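Hi everyone, thanks for making time today. I'd like to walk you through one structure, so please have a look at the screen.

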Amino acid sequence: MMSRTVSSWILSSARNSIVLQRKGRLYSICIPNRQKIKWKLVFSKRLLYPAASCSLDNVFSLKKAFRHTSTEEEQFSFQLSPSQINDILRAGELSHKILDLNSKNTNSVLRFESNQLASNTPIEDRRSAATCLQTRGMMFGVFDGHAGSACAQAVSERLLHYIAVSLMSRQALEEIELAVECMKPVMPILQLHKHPNDVEYREITSQYFENLRVYWQHLLDLDIEPGFSLEEAMVSAFKRLDSDISLEVQAPQENELMRNLALQVAFSGATACVAHVDGVHLHVANAGDCRAILGVREEDGTWSTLPLTRDHNAFDEFEIRRLKREHPRSEEKTLFVNDRLLGILMPSRAFGDVQLKWSKELQHSVLENSCDAEALNIYQYVPPNYHTPPYLTAEPEVTYHKLRGKDKFLIIASDGLWEMLSNEQVVKLVAGHLTELNEQKPQLAFEKPVNLGYMHNLLLKRKNRGIASLDQNIATHLIRHAIGDNEYGEVDQEKLAAMLTLPEDLARMYRDDITVTVVYFNSETIENYYRNN
């Protein structure tokens, strides 16, 4: 149990600059001055170099109700009411049910539910979900930013479009190119499923579109028939977008805002995990340490976990061997230092982070031409033992899985969730939540005739079963348990309140940004596929 004594110790330890260690990783804090950006050396789970954060932070700030801004506040309290806790946890909820227009849903996706909880201010995680309009299928993405939110924001806006374009037929690409040439409306490629608070880089949307157009022109020039496989399309899209991010910061920009934005995107970074679902065909592309797993219900009613990604970091033997193959033997001992790439970065694959991809000469040239003295101090940093770049790649690892009737749901989440809960714990929580929701349905059916006594008994049963307080959104349920569970796997309300009210200069010591998307599959549709084939 997390008592008030422990809550007081948390506050006291922060004020006395005690650095805490969680799961073997050291955390401390970087706080940019909002009026005039100042930079400190960051010791976070992600980076150990001077880290830039987006100067457009006010654009991305989320509501910080009930949250303290500093441990130096005189009136400091960890107390929150249950309704206040729910308001914070549910602020980022997003859910979408696939419409059954013909009373015969042939989509293998039944619905999806998503949520986010910030630790950083602003949150550095992003998410995307979309239905493909020119091709088949749905896509879901989670993006975990570091050194600011700029790269994750750009990737979340752009990557699904790059994948969709990669999957389009030559005829479809020719049609949209002709429409652009003739200045006619272009048929939409994706139907995005967005939260009302999701933000966009509107100032640079036209440039993003122009570079997407250059990409589809490149695909037309390749003249590949019958086109990319899904795996090839995802790999191509990841690599091309990362290349565009690198080239955009090297190109002359129209104004200072666009130049600064391009710098922020390129010099920050983001890991990415994207799932594409088309009927029984599931592809997951992963670059970094976001994670995707399947929840599988076995024939005997038990639940099992099927991982679909590997965490790309210093703890993965395949990644260590890959990097050793790509660099001279003389660098073997310096590739990973203190379980970080070059002693700097936790993930070994990511978008952006050009400090770990460009030559020293290119970095110096771009920064000299693009930055004033203050910005130069922010971005100009060469890691130690930097001899044979690139050390970092955005090339994803793609996993294919053919869905079965027993595959009930897919969970994609940033590492903020996986640091708190194991794969098995997450599947158990989703399965239990699904069972409780299903058990509600018969309880809500009214017997006839309905009288006050019956209604009273029904309400008492619901109250006793705790149904009234159950999170309807499964992503919220997972986040609640991730930050509020005690040693017995039960939510401790006082611990939950303390974790939610942690001030900005302390929260990062205890938890990371958390983003979760859960996709439920339509088992009937999947089983019909096998019956018909």
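**A walk through the model**

Let's begin with F143, which counts as buried because its relative accessibility is 0%; buried means under 20% relative accessible area, exposed over 50%, and partly exposed in between, using a 1.4 Å probe and protein chains only. Before I go on, a word on the source: this is a predicted model, where local features need pLDDT of at least 70, side-chain atom pairs count only at pLDDT 80 or more, and totals for chains, interfaces and linings use all residues. Residues are numbered from 1 along each chain as its sequence is written, and side-chain values use heavy atoms, with hydrogens and water left out.

Back to F143, then. This residue sits in strand β6, residues 138-146; strands here are DSSP runs of E with at least two residues, helices are runs of H or I with at least four, and both are numbered from the N terminus. Setting aside residues up to four places away in sequence, F143 touches a list of residues including E124, R126, A152, L159 and A272, where contact means heavy atoms within 4.5 Å. For E124, which is 19 residues from F143 along the chain, the C-alpha separation is 8.5 Å.

F351 is counted as buried because its relative accessibility is 0%.

Now the chain as a whole. How many helices and strands does the secondary structure come to? There are 18 helices and 17 strands. Of the 533 residues, 55% count as buried. Among contacts between residues at least 6 apart in sequence, 75% join residues at least 24 apart. The chain exposes about 25,000 Å², with carbon and sulfur atoms supplying 51% of that; the areas come from the Shrake-Rupley method with a 1.4 Å probe, and for residues only the protein chains shown count as cover.

Next, a sheet. Six strands form an open, antiparallel sheet in the order β3-β4-β17-β16-β10-β11, where two strands pair if DSSP finds at least two bridges between them. At the edges are β3 and β11 (303-307), each pairing on one side only. Let's follow some of the pairings. β3 (residues 94-97) is joined to β4 by 4 bridges, and L94 has S114 as its bridge partner in β4. Between β4 and β17 (residues 514-521) there are 8 bridges, one of them pairing N115 with V516. Then 5 bridges join β16 (residues 407-413) to β17, with L410 partnered by V519. β4 itself, residues 109-117, is mostly covered, with 7 of its 9 residues buried.

On to the helices. Is α7 mostly covered or mostly uncovered? Mostly covered: 15 of its 21 residues are buried.

Last stop: N423, in helix α13, residues 423-443. At 12% relative accessibility, N423 counts as buried. Its side chain makes a polar contact of 2.8 Å with the side chain of R291; a polar contact is a pair of N or O atoms within 3.5 Å, and within protein one must be able to donate a hydrogen and the other to accept it, while residues adjacent in sequence count only if both atoms are side-chain atoms. Beyond its neighbours within four places in sequence, N423 is in contact with R291, I293, T305, P307 and W418.
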